[in-house]
Amino acid sequence: MYNFNYYTPTEVVFGKAAEEKTGAMLKKYGAKKVLLHYGSGSVIRSGLLNRIKKSLEEQEIAYVELGGVVPNPRLTKVYEGIELCRKEKVDFLLAVGGGSVLDSAKAIGYGLVNEGDVWDFYEHTRKASGCMPLGVVVTIAAAGSEMSSSSVITNEERGMKRGYNDDAGRPKFAIMNPELTMTLPAYQTSSGCADILMHTQERYFTSGGNMELTDSLAEGLMRTVITNAKILMEQPDNYDARAEILWASSLSHNGLTGCGIKAGDFVCHALEHEIGAMFDVAHGAGLAAVWGSWARYVYKDCLSRFVKFAKNVMLVDMDGSDEEIALAGIEALENFYRAINMPTNMRELGVEPTDEQIDAMAHGVALAKGEKFGSAKVLCEADAAAIYRMAR
């Protein structure tokens, strides 16, 4: 195993009616004037936004609103939020929604505390000195952004989707009521489950330095997501299954499943970011579409991990060589994706990139990740292009 720092400062309020405590939590963390940041109409139609406003008003906390965040959150909305918060002298940010809303709020928070263009942080040309404090009321189990240091923003003018990690952006608190996820369309629920699995797998498939306890936590988390995702296909209002998935979302991306490992891989995320930037697809579905091709491209260099995954997560029980067992595990996960209506290639995702577009996406991966990247297998731009072609 490797040395590690584990930092998870976010206070979690989990369970039924948890959103009613929003105002009290904001008051606890010293909020005086809050930006309510949210997506499109779902938080309005469900009545959630009104319940949160009531909670703030009961605590005599002022607020302004900025809705309209979309999946693959846009840099232009971030700029709009920064300008609004400066004008209104906001001192705390509250994201109401899923990962896209929270990622947008984090970017706004970086922009408020730091001079210059906030996009610099996502291009990694400089590091933020801090972030305005923020909290979140979670409505989607997927990104795990409610307890993570990461955010991802799309620069629509430049056709780029980039991530930035900074502990300063970790939320002060996360309010998590599994019931709030019950209104999600089935496709969005499944896409979220794919994202949760991938956050764990990106840390699990490494070339060395793993820790048995961390492996066991990761394997248990992945088995839990797979089991409960299937339940939600038949019982979308199953509270216990929703709760398991929602908590797994947070634990998959707060650093727990990365303790003691050599390094995270995160190549599938880089591959998907380019697809998302070019074709504006659902993030989790994009991950599912490239994972099988990535896995078959790298598994021989990380064979023991793929064998362990096949046996301990996908419960493959067969006689055969390590290579046969590893490939059976890959196929088993793809079968799971099919069972929850997730794609296993880009055609099923609904995109058919040209050779020129594949080369452009592969170049984007190299720009974002560097000349060499990956932990399960060290890759380069040409490898990214090959994986895209396998996934076409």
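## Parallel strands β2 and β4

Strand β2 (residues 33-38) runs parallel to strand β4 (residues 92-97), and five bridges join the two. Within this pairing, L35 stands opposite L93 of β4. The model is a predicted one.

Two helices pack here. Helix α3 (residues 48-58) lies across β2, β3, β4 and β5 (134-138). The direction of α3 is at about 170° to β2. Helix α5 (residues 99-113) also packs on the sheet, where α5 touches β2, β4 and β5. The direction of α5 makes about 165° with that of β4.

## The six-stranded sheet

The sheet is open and has six strands. Their order is β1-β8-β5-β4-β2-β3, and the pairing is parallel. At the edges stand β1 (11-14) and β3 (62-66), each of which pairs on one side only. On average, neighbouring strands of the sheet are turned by 20° against each other, with direction ignored.

## Overall fold and dimensions

The protein chain holds 16 helices and eight strands. Its C-alpha atoms fill a box of roughly 65 × 45 × 40 Å along the principal axes.

The radius of gyration is 20 Å. A compact globule of 392 residues would have a value near 21 Å, so the chain agrees with that expectation.

## Helix α12 against α8

Two packed helices are described by the angle between their axes and the distance between the axes. Helix α8 (residues 212-234) and helix α12 (residues 303-312) have axes that come within 10 Å and cross at roughly 50°. α8 and α12 are therefore oblique to each other. Their crossing is right-handed.

On the α8 side, the contact is made by E212, D215, E219, M222 and R223. On the α12 side, R305, K308, F309 and N312 take part. By class, this contact of α8 with α12 has six charged residues, two nonpolar and one polar.

## Helix α12 against α13

α12 also packs with helix α13 (residues 322-339), at an angle of about 55° and with the axes 8 Å apart. That angle makes α12 oblique to α13. The crossing of α12 and α13 is left-handed.

From α12, the contact draws on L303, F306, V307, F309, A310 and K311. From α13 come D322, E323, I325, A326, G329, I330 and L333. The residues of this contact of α12 with α13 divide into nine nonpolar, three charged and one polar.

## Helices α7 and α9

The axes of helix α7 (residues 186-204) and helix α9 (residues 239-253) come within 9 Å. They cross at roughly 35°. α7 passes α9 in a left-handed crossing.

T189, C193, I196, H199, T200 and R203 are the α7 residues in this contact. They meet R242, I245, A248, S249, S252 and H253 of α9. By class, the contact of α7 with α9 has six polar residues, four nonpolar and two charged.

Note on methods: Residues are numbered from 1 along each chain as its sequence is written. This is a predicted model: local features need pLDDT of at least 70, side-chain atom pairs count only at pLDDT 80 or more; totals for chains, interfaces and linings use all residues. Side-chain values use heavy atoms; hydrogens and water are left out. Axes are lines fitted to C-alpha atoms, for helices over the stretch in contact, and angles run from 0 to 180 degrees between N-to-C directions. Helices (H or I, at least four residues) and strands (E, at least two) are DSSP runs, numbered from the N terminus. Angles under 35 degrees count as roughly parallel, over 145 as roughly antiparallel, 65 to 115 as roughly perpendicular and the rest as oblique. A crossing is left-handed if the near helix is turned anticlockwise from the far one by less than a right angle, and right-handed if clockwise. Contact means heavy atoms within 4.5 Å. Ala, Val, Leu, Ile, Met, Phe, Trp, Tyr, Cys and Pro count as nonpolar, Asp, Glu, Lys and Arg as charged, and the others, Gly among them, as polar. Two strands pair if DSSP finds at least two bridges between them. The radius of gyration is taken over C-alpha atoms; the globule rule is 2.2 Å times the number of residues to the power 0.38.
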